[in-house]
Amino acid sequence: MHQKPDRPTSVSDALRNFDELPDSAHVRQPVVEALFACSGSTVWRRVKEQSLPAPRKLSPRVTAWNVADLRRALEDAEAAQ
């Protein structure tokens, strides 16, 4: 399968290019863990507590978070500090 050249291929690529991603883009759980410096368990706990946005089911085996939703959550976290 051929991958689009501008599509992040790893967590570090997604983090490095996060500011350039369109609001409509989606990222997977490892990126969310890195953005919020927490474990996978903490991501899901925060989703349940609604301090992180809920992910979207893109297909039966793919769950991802919307970039615009994550940006708002990051802004909220910064404002709370």
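A residue is buried when its relative accessible area is under 20%, exposed when over 50%, and partly exposed in between (1.4 Å probe, protein chains only). At 18% relative accessibility, Arg-71 counts as buried. This is a predicted model: local features need pLDDT of at least 70, side-chain atom pairs count only at pLDDT 80 or more, and totals for chains, interfaces and linings use all residues. Residues are numbered from 1 along each chain as its sequence is written, and side-chain values use heavy atoms, with hydrogens and water left out.

**Overall build**

- The protein has four helices and three strands. Helices (H or I, at least four residues) and strands (E, at least two) are DSSP runs, numbered from the N terminus.
- Read from the N terminus, the order of elements is α-β-α-α-β-β-α.
- The protein has 81 residues, and 31% of them are buried.
- Its accessible surface comes to about 5,800 Å². Carbon and sulfur atoms account for 49% of that surface. The areas come from the Shrake-Rupley method with a 1.4 Å probe; for residues, only the protein chains shown count as cover.
- Take the contacts between residues at least 6 apart in sequence: 45% of them join residues at least 24 apart. Contact here means heavy atoms within 4.5 Å.

**Arg-71 and its surroundings**

- Arg-71 is found in helix α4.
- The side chains of Arg-71 and Asp-23 form a salt bridge, with N to O at 2.4 Å. A salt bridge is a side-chain nitrogen of Lys or Arg within 4 Å of a carboxyl oxygen of Asp or Glu.
- This pair links distant parts of the chain, 48 residues apart. Asp-23 sits in the loop between α1 (11-16) and β1 (26-27), while Arg-71 belongs to helix α4 (residues 67-80).
- Asp-23 is partly exposed, at 44% relative accessibility.
- The two side chains are also joined by a polar contact of 2.4 Å. A polar contact is a pair of N or O atoms within 3.5 Å; within protein, one must be able to donate a hydrogen and the other to accept it, and residues adjacent in sequence count only if both atoms are side-chain atoms.
- Arg-71 also lies over the face of Phe-18, 5.1 Å from the ring centre. A charge sits over a ring if NZ of Lys or CZ of Arg is within 6 Å of the ring centre and within 35 degrees of the ring normal.
- Leaving aside neighbours within four places in sequence, Arg-71 is in contact with Phe-18, Asp-19, Glu-20, Leu-21, Pro-22 and Asp-23.

**Salt bridges around Asp-69**

- The structure holds five salt bridges.
- Arg-56, Asp-69 and Arg-72 are linked in a network of such bridges.
- Asp-69 pairs with Arg-56, their closest N and O atoms being 3.2 Å apart. Asp-69 lies in helix α4 and Arg-56 in strand β2 (residues 56-59), so this bridge ties together parts that are 13 residues apart in sequence.
- Asp-69 also pairs with Arg-72, with the closest N and O atoms 2.4 Å apart. Both residues lie in helix α4, three residues apart, about one turn of the helix.
- Asp-69 is buried, with a relative accessible area of 16%. Arg-56 is partly exposed at 38%, and Arg-72 is partly exposed at 45%.

**The aromatic pair**

- The structure holds one aromatic pair. Trp-44 and Trp-65 form this pair, which is tilted: 5.4 Å centre to centre, with 55° between the planes.
- Rings of Phe, Tyr and Trp (its six-membered ring) pair if their centres lie within 6.5 Å; planes under 30 degrees apart count as stacked, over 60 as edge-to-face and the rest as tilted.
- The pair links distant parts of the chain, 21 residues apart. Trp-44 is in helix α3 (residues 40-49), and Trp-65 is in strand β3 (residues 62-66).
- Trp-65 is buried at 1% relative accessibility. Trp-44 is partly exposed at 39%.

**Leu-74**

- Leu-74 is placed in helix α4.
- Leu-74 touches Phe-18, Leu-35 and Phe-36, not counting residues up to four places away in sequence.
- Leu-74 and Leu-35 are 39 residues apart in sequence and 8.3 Å apart in space, C-alpha to C-alpha.
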